[in-house]
Each structure stands twice: as structure tokens, then as C-alpha cells.
Amino acid sequence: KQPEAIGQSEQRGLPILGTIAAGYLVEPFTDEVEQLDLPQLFEQPECFVLQVGGDSMINDHILPGDFAILRRVAEPQQIRNGTIVAAQVKGETTLKRFHRDRERIILKPANPAYSAIEVDAKDLSIQGVLLGVWRPLVGQTYSPPK
């Protein structure tokens with residue numbers, strides 16, 4: 001690796017160049033404002049990814065085939081109501097919105113075709129909280145390594 005020039009710092013990540021309209025027109029981007037450091041997110045030992053199967057979270061814009069980026073939680077009792085979690089109930093895992101009602105947990109889908117899952121807190125294991133979603137481009141599919 002070559003030494004850095006004086007006054008330069010090693011930059012990681014993708015440059016955030018501004019905002020783009022998805023409605024009205026806005027000024028074009030001109031200058032780099034900051035960096036979006038995705039490797040930093042993916043290098044955290046407490047983070048992991050699960051591929052989404054099913055459509056129970058479509059109204060939260062989480063679609064089948066998306067990759068849910070999750071972070072393990074040390075203190076599940078501190079999860080706030082409304083947080084999207086990967087939760088294990090009776091040996092099966094699901095991605096839902098978390099709601100606590102005393103000693104009961106309600107896992108709410110974001111699709112009216114599905115019912116909420118209600119369970120005693122002691123019968124639930126939180127696998128992680130959702131940090132973000134990665135969606136492959138149309139026509140691209142994920143093939144796990146063989």
C-alpha cells in the first residue's frame with residue numbers, strides 16, 4: 001500500500017453526493033457531503049443477514065427475496081414497541097413488528113392477509129432487530145454458495 005499524501009485521509013464507503021427527487025425536480029448533486037460506509041456495517045460481529053421468504057411485511061416495503069440486515073440484541077427487554085425483529089417462536093423464525101403488552105408479546109405483520117402472533121414473553125426468543133434491507137436489482141437472484 002502506498003503512503004497517503006499529506007492532508008489526505010483514507011476514505012471508505014460510497015460517497016453521498018446529495019438528494020435525488022422521486023417527485024419534484026431538485027438541484028443536481030455537485031459535491032460529496034459524506035460517506036456511506038457499508039463495509040463498516042457488515043463488519044460488525046453482532047450483525048447478520050437473513051433472506052426474506054414470504055410477503056407478511058410488504059406494507060413495510062420488505063419483499064420476498066430481500067435481505068434483512070439484523071443486529072443481535074443483548075437486552076431484548078429493551079426493544080421498543082414497533083421495532084421490526086426476527087423472532088423465534090416454537091422453533092420457527094419470523095420477521096414482524098414487536099409489541100409488548102405486559103408479559104405478552106404481539107408480533108404484527110405488515111400485510112392485512114396475515115394475523116398477528118401473540119405469545120408469552122417466555123416463549124419468544126429475539127434473534128435480532130432490523131437495521132436495513134438490501135434488495136437485489138430486478139432480474140438478479142441470490143444463489144447460495146455450494
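Which residues does Thr94 touch, not counting residues up to four places away in sequence? They are Val85, Ala86, Ala87, Leu107 and Ile117. The model is predicted. The chain has 146 residues, and buried residues make up 23% of them. Its secondary structure comes to one helix and nine strands.

**Overall layout**

- Read from the N terminus, the elements follow the order β-β-α-β-β-β-β-β-β-β.
- Of the contacts between residues at least 6 apart in sequence, 48% join residues at least 24 apart.

**Thr94 and strand 6**

- Thr94 is part of strand 6, which spans residues 92-101.
- With a relative accessible area of 18%, Thr94 is under the 20% limit and therefore counts as buried.
- The side chain of Thr94 makes a polar contact, at 2.7 Å, with the side chain of Lys96.
- Thr94 is also one of the residues that lie nearest the centre of the largest pocket.

**The largest pocket**

- The volume of the largest pocket is about 210 Å³.
- Its lining consists of 15 residues, and those nearest the centre are Gln51, Val52, Gly53, Thr94 and Leu95.
- Strand 3 and strand 6 each give at least two residues to the lining of this pocket.
- Strand 6 provides the largest share of the lining, with four residues.
- By class, seven of the lining residues are nonpolar, six are polar and two are charged.

**Nonpolar cores**

- The largest nonpolar core here has 11 residues: Ile79, Val85, Ala87, Val89, Phe98, Ile105, Leu107, Val119, Leu124, Ile126 and Val129.
- Strand 5, strand 7 (104-108) and strand 9 (124-134) are the elements that give two or more residues to this core.
- Apart from this core lies another, of 10 residues, among them Phe48, Ile62, Ala68 and Leu70.
- Ala87, a member of the largest core, touches Glu92, Thr93, Thr94, Leu107, Leu124, Ser125, Ile126 and Gln127, leaving out residues up to four places away in sequence.

**Phe48 in strand 3**

- Phe48 is located in strand 3, which covers residues 47-51.
- Phe48 counts as buried because its relative accessibility, 16%, is under 20%.

- Asn59 is partly exposed, with a relative accessible area of 49%.
- The C-alpha atoms of Asn59 and Ala110 are separated by 5.0 Å, although the two residues are 51 residues apart along the chain.
- Beyond neighbours within four places in sequence, Asn59 is in contact with Ala110, Asn111 and Pro112.
- His61 has a relative accessibility of 62%, which is over the 50% limit, so this residue counts as exposed.
- Asp66 is buried, with a relative accessible area of 2%.
- A polar contact of 2.7 Å joins the side chain of Asp66 to the side chain of Arg135.
- Not counting residues up to four places away in sequence, Asp66 touches Leu50, Gln51, Val52, His61, Val133, Trp134, Arg135 and Pro136.
- Among these contacts of Asp66 are Gln51 and Val52, which are also among the residues nearest the centre of the largest pocket.

**Positive phi angles**

- His61 is not a glycine, yet its phi is positive, at about 65 degrees.
- Lys90, also a residue other than glycine, has a positive phi near 50 degrees.
- Lys90 sits in the loop between strand 5 (84-89) and strand 6 (92-101).
- The relative accessible area of Lys90 is 75%, and this residue is exposed.

Terms used:
Residues numbered from 1 in each chain as written. Predicted model: local features only at pLDDT ≥ 70, side-chain atom pairs only at ≥ 80, totals over all residues. Heavy atoms only, no water. Buried < 20%, exposed > 50% of the residue type's maximum accessible area, 1.4 Å probe, protein only. 1 Å grid on protein atoms, 1.4 Å probe; cavity = no way out; pocket = protein on both sides within 12 Å on 5 of 7 lines; lining within 4 Å. Points joined across faces, edges and corners; volume = space filled by probe spheres on them. Nonpolar A, V, L, I, M, F, W, Y, C, P; charged D, E, K, R; others polar. Contact = heavy atoms within 4.5 Å. Polar contact = N/O pair within 3.5 Å; in protein donor to acceptor, adjacent residues only side chain to side chain. Core = buried A, V, L, I, M, F, W, Y, C linked by side-chain atoms within 4.5 Å.
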